Amino acid sequence: MKQVSYLDKEQRTAFDEVTERIIRQTMESLLFEEIISIVPNEKEWSFTGKTVDGNIVEYSCEAAEKWSFGRVKIVKNSIKRKAEPCTSLYVFLEEVIQNQLAGAHTTSFIHELLETLAKDTQSKEFQPARIPDQDQHYEALESHMVDGHPYHPSYKSRLGFSLKDNYAYGPEFNQEVSLQWIAVSEMWADVSLSDEESLDEIYKQHLTEEDRLKFNLVIKEKGSNDKKYVFFPVHPWQWEHPMQSIFVQHLRDKDILHLGTSSSPYRAQQSIRTLAHRGNAAAAYIKLALSITNTSTSRILAHHTTQNAPRISDWLSKIIQNDRLLQQERVHILKEVMGMSFRYDQLSPIQYRSAYGMLGAIYRENVSTYLDEQEEAWPLNALLLTQKNGVPFIQAAIEQYGVDKWSDALIRTVTLPIIHLLYAHGIALESHAQNIILVVENHFPKSIILKDLHDSVRYVPDKLLQPDWAPKLNPEPETHRKFNRYSFIQAEAVSEVRDYTYDAFFFICMTDICLTFEKFGLSEADFWRKCTATILSYQQDHPEFKDRFEMFDLFGEDALIEEMTKRRIYGDSELYFRKVKNPLLRARDALA
């Protein structure tokens, strides 16, 4: 295995590029969330840092407050320290963050940014000049989505991974990943299945006859005769690092048996912990518990989310199958057909705290299930990607159809299902671009497929269009609520449902698509007018939902955006949200 130091001489360009991005992206979020105060003027915005001796240092940048929610965008390479280019991330972090911000988690936040510097620099060396022709399909495109979160400063922190781990398991490196498998005693295992799904049939997609014979032989030789076992897949990093020590007693008591690796190689998708089978193009994807932290989230799998996953998928699938508009628009979800988890509630409190969420899996339908022969699937965030050679991924499509025609189709295709689920059904999804798959035919937008649903849905139960269809969910344990106050499904106020769509879909997903189209000559104002026209046309066509248009008011001035960077710096002892300038409201007023 080739090892790469991020300070190798040949990587200096990548190192400098990543350094500049982290400084710029961090500063954009600090300014937008008003963590750092600024003095704006026409040419430059100025702000200050502080040396370790307490001396004030003048910083400046070329920046603009965008039409889109007032997002702050800084011109690349324009940040200066004492009128000279700011090129040291270490100096920037010390003077602008460490010596000025009194957040309880400031040191941790800095650590995340430095880890992002290391991991992203390493990945940049392996990025090809352009996506090869043989990789112009969904599974491979997932590995080419190398940029990470477009707003979050620590977009590739992957805390817990060494550079060796990052190379072995990071999607950018396209390594073959071999799954580890364990057998868990049935008394310690919970399995939740979607309707009409079979545990054995799902196993057959991933385990050959030889695999199962080998595993059953291990159980016969090393297991306990009075116990029945369930096969669990485990990410190799998870097995190598926390699991064997945390579950040492269960391994000794033969409640967990290590079976070894299966014979089939896998490919890491852009979420890192979701793996795609390389040999069986129709096999379900497997989402695994992974005890690392990336962006703002620990990538464990809580017990209730694994058990709720098939129930939520069956519910949403029923809604889609019985909804005329969603059928007409050919909207699909990648159903999460099986969830598996360890029964943590049977552990002692001290082991519960260390083991919680560490062992579990969710099996998700393959995208090929919903593609016709002439169709292709793109991760929606492919629209944001500029390849290493400087050519945007969507440039050929824009040149083929023109930016107006292509953007019209794109905006309608992705927006209509999202607002229909909100208005008609009272359901919000965490619909950022990584969770939406764009189906295209001859590079033209045709429909969308939604994914990652087990803990990315929000609704008020009595405001659903069909409340009696709602799934009976495993509730979040109190410990989970304390761990992540932002993670819940059933909301108390309709504004929380509206804001979930508003934040993930419009503020993050559509704003970044808007800024991409801006590079092709489509103004922000025109983009949001197109979005608004889609919403208004929908409202005109569906007067039966008039009361719900007001209930889930996307044109409101009171909509709230989560402040992600404040969470990283100040922690979750309180919730951080803010009001912003709503571009949908501004566009509606302009259309009036």
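Is aspartate 120 buried or exposed? Aspartate 120 is buried, with a relative accessible area of 0%; buried means under 20% relative accessible area, exposed over 50%, and partly exposed in between (1.4 Å probe, protein chains only).

This is a predicted model, where local features need pLDDT of at least 70, side-chain atom pairs count only at pLDDT 80 or more, and totals for chains, interfaces and linings use all residues. Residues are numbered from 1 along each chain as its sequence is written, and side-chain values use heavy atoms, with hydrogens and water left out.

- Domain 1 brings 34 residues to the contact and domain 3 brings 38 residues, with contact meaning heavy atoms within 4.5 Å.
- About 3,300 Å² is buried between domain 1 and domain 3, 58% of it on carbon and sulfur atoms. Buried area is the accessible area (1.4 Å probe) that two parts lose on being put together, summed over both.
- Glu33, Trp67 and Phe69 supply 29% of the area that domain 1 buries against domain 3, more than any other three residues.

- The rule finds six salt bridges across the interface of domain 1 and domain 3. A salt bridge is a side-chain nitrogen of Lys or Arg within 4 Å of a carboxyl oxygen of Asp or Glu.
- Glutamate 112 pairs with arginine 568 in a salt bridge, with the closest N and O atoms 2.5 Å apart.
- Across the interface of domain 1 and domain 3 there are 22 residue pairs in polar contact (both at pLDDT 80 or more). A polar contact is a pair of N or O atoms within 3.5 Å; within protein, one must be able to donate a hydrogen and the other to accept it, and residues adjacent in sequence count only if both atoms are side-chain atoms.
- On the side of domain 1 that touches domain 3, the elements giving two or more residues are helix 1 (12-32), helix 3 (106-125) and helix 4 (138-144). Helices (H or I, at least four residues) and strands (E, at least two) are DSSP runs, numbered from the N terminus.
- Helix 3 gives the most to this side, with five residues.
- The residues of this side divide into 14 nonpolar, nine polar and 11 charged. Ala, Val, Leu, Ile, Met, Phe, Trp, Tyr, Cys and Pro count as nonpolar, Asp, Glu, Lys and Arg as charged, and the others, Gly among them, as polar.

**Salt bridges in the whole structure**

- A search of the whole structure finds 37 salt bridges.
- Arginine 578 bridges to glutamate 34, with the closest N and O atoms 3.5 Å apart. Arginine 578 lies in strand 25 (residues 577-579) and glutamate 34 in the loop between helix 1 and strand 1 (39-40), so the pair ties together parts that are 544 residues apart in sequence.
- Arginine 578 counts as buried at 17% relative accessibility, whereas glutamate 34 counts as exposed at 59%.
- Lysine 124 bridges to aspartate 120, with the closest N and O atoms 3.1 Å apart. The two are four residues apart in helix 3, so about one helical turn separates them. Lysine 124 is buried, at a relative accessible area of 8%.
- Asp120, Lys124, Lys156, Arg158 and Glu172 are linked in a network of salt bridges.
- Glutamate 441 bridges to lysine 446, with the closest N and O atoms 2.6 Å apart. Glutamate 441 is partly exposed at 31%, and lysine 446 is partly exposed at 29%.

**Two loop residues**

- Lysine 66 sits in the loop between strand 4 (63-65) and strand 5 (72-74) and counts as buried at 16% relative accessibility.
- The side chain of lysine 66 makes a polar contact with that of glutamate 518 (3.1 Å). Not counting residues up to four places away in sequence, lysine 66 touches Arg71, Lys73, Leu515, Glu518 and Glu524.
- Serine 291 sits in the loop between strand 13 (285-288) and strand 14 (293-294) and counts as partly exposed at 25% relative accessibility.
- The side chain of serine 291 makes a polar contact with that of glutamine 238 (2.9 Å). Not counting residues up to four places away in sequence, serine 291 touches Trp237, Gln238, Pro242, Ile300 and Met358.
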